[in-house]
Amino acid sequence: MHVRDWVVCLIEPNKFEAQIVRDLLRNAGAENVKAFTDTAAATEALEMYGANIIIASVECTPVDAVAWTKQLRRSTQVRNRKAAVFLTSRAFSRSLAEDCRHAGANALIGKPVSAKILIVTINKVLASPREFIDAAGYVGPCRRAGIVTAGAPKKRRKVDDEAGAAPAPTLDGVVASLSRAVSEWVAGKGQGEACGVALRQVQAFAVNAGDGPLMRACAAFALQLEAKGASPDAARAALEACANGVRELASLDVALAEQREAIAEGVRQAVAKAAARRAA
């Protein structure tokens, strides 16, 4: 299924995280996205339009997304109870993945959600649709193949446990790490993966603080990291613009709303310009 054919129902109680996911989907080419802050409103809306993709936070209310998925699969009111369901959560665990599988979800994605993980996971599920089971004990995609999982936090190494907990990271610290990673990559001394890891840490700070401009800059930055086919000069310029924009946003007081919005827009435009060069 082409991304332009995606009809997405997004259920996310945190408006800032909802905006991040909407931006990621929009930048990927998915324009038909409806967002809801709770499962009750989403259920009512799904009676009227047939979404083929549902992205829901496990922490939704008044019914959490795991229980809600069970209800959705058994509903005779929604227009498409067979839609692909992607559940997201910070509390990523094997037991939660099993709960999601038995509820009828197609995938569990760990937060914070990155552009690459979200789009790749959706495409993976859509590319290999599983038989839809409608039985007394279970309704949903066939469970025998398991559930697709993505974005699980890496297990802490044993040496970390023995050494004790590391100092809590700070926004200044993770932004500095991101700047170093970008500088090394641009100079041909590092790898893009290091930039992605550092960027996700910055994004987590932005989400927790409800910092809209920083979240939007991070979303654009993530798209640039995943871009392929650009000339070295264009890619280098876009990466440096992204790194500088994130650094400026992290240093400016949130009260300077207009100035910070302009910086975030500058990052977005730099990425859009690089994309236009690739398409030319």
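Rolling a probe the size of a water molecule over the atoms shows where empty space is left. What you're looking at is a predicted model: local features need pLDDT of at least 70, side-chain atom pairs count only at pLDDT 80 or more, and totals for chains, interfaces and linings use all residues. Residues are numbered from 1 along each chain as its sequence is written, and side-chain values use heavy atoms, with hydrogens and water left out.

**Stop 1: the cavity.** Select E12, E17, V21, K111 and V113, which lie nearest the centre of the largest cavity, out of 16 lining residues. Its volume is about 120 Å³, counted as the space filled by probe spheres set on the grid points, which are joined across faces, edges and corners. Now colour strand 1 (7-11), helix 1 (15-28), strand 3 (53-57) and helix 8 (192-209): each gives the lining at least two residues. Helices (H or I, at least four residues) and strands (E, at least two) are DSSP runs, numbered from the N terminus.

**Stop 2: R26.** Stay on helix 1 and pick R26.

**Stop 3: helix 3.** Select residues 65-74, where A65, V66, W68, T69, L72 and R73 are buried. Why do these sit on the same side of helix 3? Because they cover an arc of only 155 degrees around the axis, taking the directions from the helix axis to the C-beta atoms. Next show D64, which caps the N-terminal end of helix 3, with a side-chain oxygen 2.9 Å from the backbone nitrogen of V66.

**Stop 4: two cis bonds.** Most peptide bonds are trans. Zoom in on T61 and P62, though, and you'll find a cis one, with omega about -5 degrees. P62 belongs to the loop between strand 3 and helix 3. Then jump to K111, a residue from Stop 1: the bond from K111 to P112 is cis, with omega near -5 degrees. P112 is in the loop between strand 5 (107-110) and helix 5 (115-127).

Definitions and conventions:
On a 1 Å grid over the protein atoms alone, a cavity is a set of points where a 1.4 Å probe fits but cannot get out, and a pocket is an open set with protein on both sides within 12 Å along at least five of seven lines; lining residues have an atom within 4 Å of a point. Buried means under 20% relative accessible area, exposed over 50%, partly exposed in between (1.4 Å probe, protein chains only). A polar contact is a pair of N or O atoms within 3.5 Å; within protein, one must be able to donate a hydrogen and the other to accept it, and residues adjacent in sequence count only if both atoms are side-chain atoms.
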